[in-house]
Amino acid sequence: RDRSPSRGLGDVYKRQINERILALDILRGITIAGMILVNNPGTWSHIYAPLRHAEWNGLTPTDLVFPFFMFIMGISTYISLKKYNFEISYSTIWKILKRTILIFLIGMAIGWFSQFCYYWGSAPDNLGSSEKLWNAIWTFDHIRILGVMQRLGICYGVTAIIVLIINHRYIPYLIAILLAGYFILLFCGNGFAYNETNILFIADRAILTPAHMYNPNVLDPEGVLSTIPAIAHVLLGFCVGRLMLESKKINKDRTDMLNSHLIKLFLIGTTLTFAGLLLSYGCPINKKIWSPTFVLTTCGLASSFLALLIWIIDVKGYKKWSIFFEAFGINPLFMYVLGSILAILFGSISFPWEGGNISIHGFLYKLILMPIFGETSGSLVYALLFVGINWCIGYQLYKRKIYIKL
């Protein structure tokens, strides 16, 4: 059924919807570019402080990138499911499950591809070609099960199903229950300790087993139990999207509508941010455990930042600068996967150099950028260069209006 606004509302309202979604695309693009930037320094030994994750408690600009994307995914879930009027049907459930499984499997495939490439490049010379190929292919006994893409898939799938079966008025209560229950779990299970007694670490080792964790000796940043607040995180983004985009007076003028959205987003952002900061005295802000205060603070900051982008793009009309990020934002998952694949290839493909082998990554950083810019600045320049290479590919898709969706 056609649930688009009636023609009597005019083209102005339709144009407002497109512009509002453009700001969302820009924020999505900023987060994807940020993910690629912080994940691909020239060397992990020399990184500027803002580009590092917090060691344990605390928050850095880098810690905002992934939660911002999760928040946006919640808003996007509202937009996509509103087309179906949030009605449960076989086709809707199938699309949700298919997308969830595909995102999860793509995350697993990236992990497998990484294992394959690095084993192939470092395998002993005395192995035969067939044995070497088989060992490179069969790495499933120690492949990581959870990860960034897997968390995105799980949280999207659970959120989408929840908003279809629960009255939207009760979702804020569900979010509160999930975050409060998770806090009790952390409090009772030594969840704020950075050691092997942490209940999150114990659960990951028991469920995933050490062979399938990010690192068997440290807490998995995308572990099993920390998926609970991550789901609440996406649900919070959904609620913000609902409050922002639902409008009972759809025929009001453009200025009033924009002011309404800005006020709502700034109020939500300020409230969530201050709530997270105040509660952090009893529940530290911590990305690795995805603490409840981390959810509140990052969602609040994301809401405020989205309001700022709407003000810049829609109110002031400054849009030319946003083309760079829009190229990332219209194909976010593809661009993230592309960045991951290129990073693996740059790090695993090597060629002879001065009696040894050097990777593409090593050649660019050690032999070209580091001698010019130094270790730390060269590391940043390499990351920026890598983002630029990804953008060149993304821009070609953007220019040709090619949208790769699952």
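## Exercises on helix α3 and the cysteines

Leu97 sits in helix α3, where helices are DSSP runs of H or I with at least four residues, numbered from the N terminus. This is a predicted model, in which local features need pLDDT of at least 70, side-chain atom pairs count only at pLDDT 80 or more, and totals for chains, interfaces and linings use all residues. Residues are numbered from 1 along each chain as its sequence is written, and side-chain values use heavy atoms, leaving out hydrogens and water.

**Exercise 1.** Work out what span helix α3 reaches from its first C-alpha to its last.

*Solution.* Start with the residues: α3 covers 90-122, which is 33 residues. Next, take the expected span, 1.5 Å times one less than the number of residues. That gives 48 Å, and the helix reaches 48 Å.

**Exercise 2.** Decide whether Leu97 is buried, partly exposed or exposed.

*Solution.* Recall the cut-offs: buried is under 20% relative accessible area, exposed over 50%, and partly exposed in between (1.4 Å probe, protein chains only). Leu97 has 40% relative accessibility, so Leu97 is partly exposed. Now turn to the buried residues of α3, among them Thr92, Ile96 and Cys117. The buried residues of this helix pack against α2 (65-82), α4 (129-137), α5 (148-165) and α12 (332-348).

**Exercise 3.** Find how many disulfides the whole structure holds.

*Solution.* Apply the criterion, a pair of cysteine sulfur atoms within 2.5 Å. The search of the whole structure gives 0. Finally, check accessibility: Cys283 is buried at 5%, and Cys117 is buried at 11%.

Note on methods: Helices (H or I, at least four residues) and strands (E, at least two) are DSSP runs, numbered from the N terminus. Contact means heavy atoms within 4.5 Å.
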